[in-house]
Amino acid sequence: MNQLAIAALSISVIVVSIFWYIRKPTSKAPPLPPGPLGLPIVGYLPFLNQNLLVQFSGLAQKYGPIVKLRVGNKLWVVIASPSLAKEVVRDHDLVFSNRDVPIAAQVVSFGENDMAWSPNNSGWRKMRKVFVHDVLSNINLDGSYNLRKDIVRKTIIDVYSTKIEKPIEMGELIGRCILNIILNLLWGGTIEGDEGERVITEFKALLPKLVGLLGKPNISDFFPILSGLDIQGVKKDMEIILQSYDRILDVAIAIGKKKLSENVIDQGRKDFLQILLELKENDEDTNRSITSKQLKGMLMDIVVAGTDTQSTTVEWAMAELMNNPEIMVKVQQELSSVIGINNMVEESHAPKLQYLRAVIKETLRLHPAVPLLLTRFPTKDSTIGGYSIPKNTTVFINACSIQRDPSIWHNPLKFKPERFLDTEEKMDFSGNTFSYIPFGSGRRLCPGTPLAERMMVHLLASLLHSFEWKLPKGETLDMSEKFGIGLKKNTPLFVIPSLRLSNLDLYT
Ligand code: HEM
């Protein structure tokens with residue numbers, strides 16, 4: 001062998017050794033979680049089912065409570081046990097406190113300038129603080145009670161005057177009431193009269209399209225390199241919707257600012273916009289002042305996160321009660337004894353309506369409105385359940401599967417509010433018991449729970465106290481579900497109301 005050949009061979013050996021050494025993990029990194037193999041380049045994308053929930057459950061049965069999927073350029077990890085969920089949202093909460101933001105959500109959040117999609121940064125912390133301590137403070141929630149009460153009353157009066165003994169589409173009735181409440185809480189005190197009605201009507205009309213786009217699988221999300229092409233037009237469609245919303249928000253904000261500068265704000269009943277504008281315009285404390293984009297992002301969050309979630313839950317609760325007449329009887333007995341048949345329901349009755357609150361908890365266990373929570377997106381490599389979770393993995397926490405797990409819940413598919421009566425203290429909405437997390441957990445826990453609890457208890461109690469409900473003749477109850485970004489009833493619930501209270505003055 002000549003010297004050149006020896007030199008070439010030696011260099012090759014050195015280079016290969018260096019590469020081998022570099023490739024070889026210095027410390028033994030744990031493996032990725034188990035999961036199905038996909039095709040080259042597209043991964044598991046062609047095999048994704050419309051109903052991700054059913055598919056994720058099947059995969060968990062085959063591979064266990066932590067499963068990995070390659071979907072296009074993304075690595076997905078789905079978690080389906082309380083102990084693994086705890087590792088993510090409690091033990092490693094900080095690392096997992098960002099979201100993987102779909103393109104549609106980037107648009108709707110004004111470029112991640114909101115609470116739901118912003119990364120965990122100082123802006124997000126400020127928005128959450130303002131939302132929890134100012135917007136949804138007990139004082140403000142008490143102050144806006146009459147507004148909520150009026151709208152629930154109008155719903156009861158509407159049923160009494162036009163719908164007795166006629167089939168009602170329950171989801172529509174409940175959805176309209178909840179959206180009216182949320183929009184009026186947002187700016188009902190700012191834009192009043194016909195102008196207010198017009199703005200609310202316009203806002204409502206666009207919402208289903210917006211929610212639909214948020215839940216639509218988008219090739220640009222799976223292959224970011226293709227995002228510029230916007231192949232399905234999701235980004236463009238969302239931008240068109242957002243332009244309309246932006247116009248409405250600009251009008252509302254301009255009126256709000258004018259009122260603020262003229263000092264015509266009713267101190268007794270501030271709407272959310274007034275509270276946020278006061279902070280934005282006047283607060284010297286930069287820890288609480290928010291930018292114009294953040295203001296709009298927060299307003300959008302409240303509508304998008306606060307309406308469908310609640311109406312889906314109340315509709316499911318109604319459906320479960322129709323399906324379980326003996327539970328309906330117990331709820332109505334409680335209502336009669338706590339409220340009395342000569343009175344209407346008030347929010348202040350809630351603490352005494354223990355059984356009805358258990359019905360709502362059980363509804364959220366069996367039919368969580370956000371069944372996969374919102375994704376988590378680790379900021380660095382970490383280890384969960386002994387498996388490697390690389391930085392920027394899209395992590396789903398399958399709350400639905402956890403809350404229906406037969407190894408945790410006795411007879412999990414049975415609707416049984418009693419299971420929450422003995423465990424009232426532990427099983428709340430705080431996300432501290434990882435087998436029950438309908439509002440999520442950790443830093444990203446839903447901040448809307450104080451409002452949601454008040455609204456859902458009050459509306460459901462009012463409907464059940466005011467009327468008896470039965471299914472239309474010959475109608476069977478379809479309890480099947482449809483998965484989008486939320487978990488809705490597959491077919492609408494139709495029910496027929498009749499009067500329950502003998503004092504007809506209560507209905508007017
Ligand atoms: C039945 C009612 C509701 C349910 C089941 C629900 C559920 C959830 C869930 C599961 C999350 C994600 C939590 C996580 O990732 O750990 C969330 C986030 C959020 N929810 Fe709710 N929610 C409801 C009502 C509301 C209401 C009424 C509002 C506002 C008024 C609201 C505002 C938000 C916001 C802003 C976020 C994002 C928080 C963040 O990322 O920091 N939600 N909600």
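How far does a polar side-chain atom of arginine 99 lie from an oxygen atom of the ligand? Some notes on that and its surroundings follow; keep in mind that this is a predicted model.

1. To take the opening question: the distance from a polar side-chain atom of arginine 99 to a ligand oxygen is 2.7 Å. For arginine 128, a side-chain N or O atom sits 2.7 Å from an oxygen atom of the ligand, and for arginine 376 the corresponding value is 2.6 Å.

2. Now the shell as a whole. There are 29 residues around the ligand, and those coming nearest are Arg99, Arg128, Arg376, Arg444 and Cys446. Sorted by class, the shell has 17 nonpolar residues, 7 polar ones and 5 charged ones.

3. Which helices supply at least two residues of that shell? They are helix H5 (122-135), helix H13 (292-306), helix H14 (308-323) and H18. The top contributor is H13, which gives 4 residues.

4. H13 is worth a look for its packing too. Helix H8 (residues 170-187) has an axis that comes within 10 Å of the H13 axis, and the two cross at roughly 165°. With that angle, over the 145 degrees cut-off, H8 is therefore roughly antiparallel to H13. As for handedness, the crossing of H8 past H13 is right-handed.

Methods
Residues are numbered from 1 along each chain as its sequence is written. This is a predicted model: local features need pLDDT of at least 70, side-chain atom pairs count only at pLDDT 80 or more; totals for chains, interfaces and linings use all residues. Side-chain values use heavy atoms; hydrogens and water are left out. A residue is near a molecule or strand if one of its heavy atoms lies within 4 Å of it. A polar contact is a pair of N or O atoms within 3.5 Å; within protein, one must be able to donate a hydrogen and the other to accept it, and residues adjacent in sequence count only if both atoms are side-chain atoms. Ala, Val, Leu, Ile, Met, Phe, Trp, Tyr, Cys and Pro count as nonpolar, Asp, Glu, Lys and Arg as charged, and the others, Gly among them, as polar. Axes are lines fitted to C-alpha atoms, for helices over the stretch in contact, and angles run from 0 to 180 degrees between N-to-C directions. Angles under 35 degrees count as roughly parallel, over 145 as roughly antiparallel, 65 to 115 as roughly perpendicular and the rest as oblique. A crossing is left-handed if the near helix is turned anticlockwise from the far one by less than a right angle, and right-handed if clockwise.
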